[in-house]
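Reader: Please take me through this protein and its two ligand sites. Keep it brisk.

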Amino acid sequence: MEHTQNIDLTPIRVWDWTVRVSHWTLAVSFITAYATSESESLRLIHNTAGLMTLAAVIYRVAWGFVGSRHARFSAFLYSPVRAVVYLKSLTTQAPDHFTGHNPAGGWAVIGLLALALLTAGTGLANDLELGGSLVEKAHDVFANLAIAMVALHLVAVAASSFLHKENLVKPMLWARKMGQKAEEIPAGAGLVSALVFVVWIAAFVMWLR
Ligand code: HEM
Ligand code: HEM
């Protein structure tokens with residue numbers, strides 16, 4: 001659906017405010033939670049960062065249903081076969097270009113959100129003393145699967161940026177990516193929701209801390 005021929009591509013607004021604010025909240029909070037997980041004295045920071053991760057994932061999943069054009073799951077979930085076809089195109093001179101997430105990236109988004117959710121969910125269950133040692137073990141296992149997926153994510157972002165000759169990190173910061181004019185989202189898309197997101201994160205953390 002969002003597949004474009006590599007013609008008429010100009011910089012357009014693709015990632016709305018909510019996608020960008022939630023992404024960097026997720027990235028910073030997840031890495032902080034991971035980095036502070038081994039230390040008893042940093043437990044408060046660990047739990048707070050982990051709760052921010054949990055709140056960010058829940059919000060992003062909801063946004064996947066009601067968000068702007070390229071933020072919706074329906075815009076970037078393709079069949080696994082399509083993902084393989086896309087990956088094969090990367091070895092050619094003119095890899096298929098997608099304005100939003102590419103078909104392989106779409107599955108990575110699902111994997112990242114699911115693993116972050118499972119990690120933070122088991123962490124919270126653990127903290128609320130629901131579940132016992134099995135949940136504690138699961139929390140550790142999910143955290144390590146999630147960090148492995150993040151490493152893959154970073155390698156894929158770098159590889160994709162290189163192969164498409166298009167830096168993908170900048171659009172996650174400043175919204176603009178190559179695409180066709182007709183696919184552009186409106187100025188200010190997702191801005192009100194991004195402000196609600198900030199309030200939601202704060203309320204969620206205060207509630208469960
Ligand atoms: C600090 C290092 C990170 C960088 C530079 C980074 C970069 C990016 C970039 C460039 C994209 C857009 C990919 C595309 O164009 O299709 C993206 C998307 C995404 N990343 Fe990261 N990322 C980082 C850390 C993380 C972490 C730690 C997580 C999760 C635990 C994560 C989860 C996601 C998700 C869920 C998306 C999809 C965004 C959306 O549609 O809302 N990222 N990231
Ligand atoms: C999504 C981000 C999170 C990551 C990456 C993460 C990662 C980890 C890891 C790797 C451990 C094991 C440390 C060890 O070897 O002893 C751990 C322990 C723990 N985590 Fe998390 N965690 C996250 C979220 C949370 C949340 C949301 C909470 C609670 C609100 C939480 C509460 C705990 C507690 C209480 C422990 C200690 C378990 C124990 O060994 O008794 N975590 N976390």
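Author: What follows is a set of questions and answers on a predicted model.

Reader: How many helices and strands does the protein have?

Author: The model is predicted. Along the sequence the pattern runs β-β-α-α-α-α-β-α-α-α-β-α. The total is eight helices and four strands.

Reader: What is the radius of gyration, and what would a compact globule of 209 residues have?

Author: The C-alpha atoms fill a box of roughly 55 × 35 × 25 Å along the principal axes. A compact globule with 209 residues would have a radius of gyration near 17 Å. The protein agrees with that, at 18 Å.

Reader: Is H5 roughly parallel or roughly antiparallel to H6?

Author: Helix H5 covers residues 103-127, and helix H6 covers 133-163. They pack with their axes 8 Å apart, at an angle of about 155°. An angle over 145 degrees counts as roughly antiparallel. H5 is therefore, relative to H6, roughly antiparallel.

Reader: What is the handedness of the crossing of H5 and H6?

Author: Residues on the H5 side of the contact include Ala108, Gly111, Leu112 and Leu115. On the H6 side they include Phe142, Ala143, Leu145 and Ala146. H5 passes H6 in a crossing that is left-handed.

Reader: How many residues of the contact of H5 with H6 are charged?

Author: The contact divides by residue type into 14 nonpolar and seven polar residues. Glu136 of H6 is among the residues that meet H5, and Glu counts as charged. The number of charged residues is one.

Reader: Which helix gives the most to the shell around ligand 1?

Author: 21 residues surround ligand 1, the closest being Ala27, Phe30, His101, Gly105 and Leu168. By type the shell holds 15 nonpolar, five polar and one charged. At least two residues each come from H1, H5, H6 and helix H7 (169-174). With seven residues, the top contributor is H1.

Reader: Which helix supplies the largest share of the shell around ligand 2?

Author: Ligand 2 has 22 residues around it, and Ala33, Ser37, Gly50, Gly123 and Ala143 come nearest. Helix H1 (17-35), helix H2 (43-66), H5 and H6 each supply at least two residues. The largest share is seven residues, and it comes from H5.

Reader: How many residues of the shell around ligand 2 are charged?

Author: Nonpolar residues number nine in the shell around ligand 2. Polar residues also number nine. The charged residues number four.

Conventions: Residues are numbered from 1 along each chain as its sequence is written. Chains are lettered from A and ligands numbered from 1 in the order in which they are written. This is a predicted model: local features need pLDDT of at least 70, side-chain atom pairs count only at pLDDT 80 or more; totals for chains, interfaces and linings use all residues. Axes are lines fitted to C-alpha atoms, for helices over the stretch in contact, and angles run from 0 to 180 degrees between N-to-C directions. Angles under 35 degrees count as roughly parallel, over 145 as roughly antiparallel, 65 to 115 as roughly perpendicular and the rest as oblique. A crossing is left-handed if the near helix is turned anticlockwise from the far one by less than a right angle, and right-handed if clockwise. Two residues are in contact if their C-beta atoms, placed from the backbone, lie within 7 Å. A residue is near a molecule or strand if its C-beta atom, placed from the backbone, lies within 6 Å of it. The radius of gyration is taken over C-alpha atoms; the globule rule is 2.2 Å times the number of residues to the power 0.38.
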